[in-house]
Amino acid sequence: MDVNDNACSQEKNIACHREQARSHKKAHPAQLNNNMWRPIIMANLKIKNLQKGFEGFSIIKGIDLEVNDKEFVVFVGPSGCGKSTLLRLIAGLEEVSGGTIELDGRDITEVSPAKRDLAMVFQTYALYPHMSVRKNMSFALDLAGVAKAEVEKKVGEAARILELGPMLERKPKQLSGGQRQRVAIGRAIVRNPKIFLFDEPLSNLDAALRVQMRLELLRLHKELQATMIYVTHDQVEAMTMADKVVVLNGGKIEQVGSPLDLYHQPANLFVAGFLGTPKMGFLKGKVTRVNGQSCEVLLDAGTRITLPLTGTNLSVGGAVTLGIRPEHLQLAQPGDCTLQVTADVSERLGSDTFCHVLTSSGEALTMRVRGDLASRYGETLSLHLDAEHCHLFDADGVALTRPLRAAA
Ligand SMILES: Nc1ncnc2c1ncn2[C@@H]1O[C@H](COP(=O)(O)OP(=O)(O)O)[C@@H](O)[C@H]1O
Ligand SMILES: [Mg+2]
């Protein structure tokens with residue numbers, strides 16, 4: 001996205017915020033939770049066969065999804081896969097082309113954004129530049145005619161949670177990027193939404209601040225006991241923040257689950273390759289033998305390996321892809337199932353070494369070794385291919401079921 005795009009979406013986002021701000025209701029008629037100031041709100045979102053097209057192009061292609069009360073749900077996927085569009089459909093900032101959105105049993109598909117009880121935080125902050133931090137945060141409440149004392153209490157509480165107390169009289173341009181983002185979050189907090197919607201809120205921050213804000217958002221989730229949907233293209237954010245990860249690709253859901261379920265049991269090649277750093281390595285091969293419990297594969301890289309599998313419909317000669325994560329590759333010991341490779345460059349981080357290697361078939365793998373490993377560029381290495389930790393995918397890239405393995 002270039003600078004103009006940013007400026008343009010900044011304006012659009014301010015307009016969106018203004019629209020959402022109009023929605024503020026005086027108070028939810030509910031008890032207070034242990035924060036004493038934030039009413040307990042239920043939020044269960046049900047999306048059914050949601051579709052969206054732009055200018056004849058289908059962008060969101062039939063999404064079914066449930067977001068449960070108090071969950072931290074992350075939409076993750078490559079740039080352009082439809083994450084923001086899906087979030088904007090939920091917020092009501094885009095009209096759906098098909099399907100329904102339900103919030104707590106109420107169909108909100110056609111409801112205006114102002115009446116959905118949702119608050120969105122944008123990547124570009126969308127703060128009002130001429131207003132102080134305090135005013136930016138109180139704007140929605142002032143507009144709704146909320147009593148002054150209540151506004152002050154809510155802004156004060158949000159400022160406390162976000163550590164913005166000393167900055168309340170400053171203008172956005174006097175703040176750092178991280179502080180601005182916190183004001184944008186504060187503005188959402190005071191509105192007490194049923195669901196917080198975050199669209200890549202940390203993307204404009206530098207790496208160190210991103211890590212810090214990631215932890216702050218997690219604390220905020222715990223403290224507010226709120227339901228949050230968070231969009232990112234960064235799989236590390238998805239893995240570290242989510243209760244539930246929704247992996248999107250080309251306007252469709254590839255897989256939904258907890259971060260570790262997706263990591264250990266990816267449903268297909270896309271999810272397997274998308275989650276995890278360094279990435280899972282892939283080796284092509286053909287099935288040479290198959291029975292009820294196992295299957296033998298001859299890899300193009302030359303190794304023959306037997307994998308435990310249950311209930312698959314593989315046949316001899318079928319093309320498969322074997323996947324192995326960097327932490328499950330190691331130098332071979334006598335008696336191991338070995339794979340001959342050539343050492344490429346290594347990344348020596350002190351704590352770990354990422355040793356990049358190439359197979360005889362020209363496929364690239366990464367081996368992650370604890371501590372330091374001094375390998376020479378171009379030398380031949382013999383790696384242990386542990387069948388227990390290998391994933392197998394059929395010709396369509398779908399994971400083949402295997403007996404449960406222990407997480408490692
Ligand atoms: N208002 C729009 N008009 C036309 N095409 C759009 C519009 N908004 C998004 N798109 C297209 O929809 C696709 C998904 O966009 P987006 O949801 O922003 O992706 P992501 O957030 O995953 O990067 C892109 O190809 C984008 O060009
Ligand atoms: Mg986006």
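**Exercise 1. Confidence**

Task: State the mean pLDDT of the chain in this predicted model, and what share of its residues reach 70 or more.

Solution. The model is predicted, and the mean pLDDT of the chain is 89. A pLDDT of 70 or more is reached by 88% of the residues. Where pLDDT is low, the predicted coordinates should not be read in detail.

**Exercise 2. The chain as a whole**

Task: Determine how many helices and strands the chain has, and what percentage of its residues count as buried.

Solution. The secondary structure comes to nine helices and 20 strands. Of the 408 residues, 36% count as buried. For the contacts, take those between residues at least 6 apart in sequence: 66% of them join residues at least 24 apart.

**Exercise 3. The sheet with β1**

Task: Give the strand order of the open sheet of four strands, and explain which strands stand at the edges.

Solution. The order is β2-β1-β4-β5, and the pairing is antiparallel. β2 (57-67) and β5 (106-107) each have a single partner strand, so one side of each is left without a neighbour in the sheet. At the β5 end, strand β4 (residues 98-103) is joined to β5 by two bridges.

**Exercise 4. Helix α2 and ligand 1**

Task: Describe where α2 lies relative to the sheet, how many of its residues are buried, and what it gives to the shell around ligand 1.

Solution. Start with the packing. α2 lies across β1 (45-54), β2 and β4, and runs at about 65° to β2. Seven of its nine residues are buried, which leaves the helix mostly covered. The buried residues are K83, T85, L86, L87, L89, I90 and A91. After the helix comes G92, with a positive phi near 90°.

Now turn to the ligand. The residues around ligand 1 are F54, E55, I59, G77, S79, G80, C81, G82, K83, S84 and T85. α2 (residues 83-91) gives the most to this shell, with three residues.

**Exercise 5. Strand β6**

Task: Decide whether the faces of β6 (residues 118-121) are covered or open, and identify the residue opposite L118 in β7.

Solution. Both faces are covered. On one side L118 and M120 are buried, and on the other A119 and V121 are buried. β6 pairs with strand β7 (residues 195-199) in the parallel sense, over four bridges. The residue opposite L118 is I195. Strands of a sheet pair through backbone hydrogen bonds, either parallel or antiparallel.

**Exercise 6. L392**

Task: Explain why L392 counts as buried, and list the residues that L392 touches, leaving out those up to four places away in sequence.

Solution. L392 is located in strand β20 (residues 391-393). A residue is buried if 20 or more other C-beta atoms lie within 10 Å of its own. L392 has 24 C-beta neighbours inside 10 Å and therefore counts as buried. The residues touched by L392 are L307, L309, V320, L322 and L400. For a distance across the sequence, take F282: L392 and F282 are 110 residues apart in sequence, and 9.4 Å apart in space from C-alpha to C-alpha.

Definitions and conventions:
Residues numbered from 1 in each chain as written. Chains lettered and ligands numbered in written order. Predicted model: local features only at pLDDT ≥ 70, side-chain atom pairs only at ≥ 80, totals over all residues. Near = placed C-beta within 6 Å. Pairing = 2+ DSSP bridges. Contact = placed C-beta atoms within 7 Å. Axes fitted to C-alpha atoms, helices over the stretch in contact; angles between N-to-C directions. Buried ≥ 20, exposed ≤ 12 C-beta atoms within 10 Å, placed from the backbone. pLDDT = per-residue confidence, 0-100.
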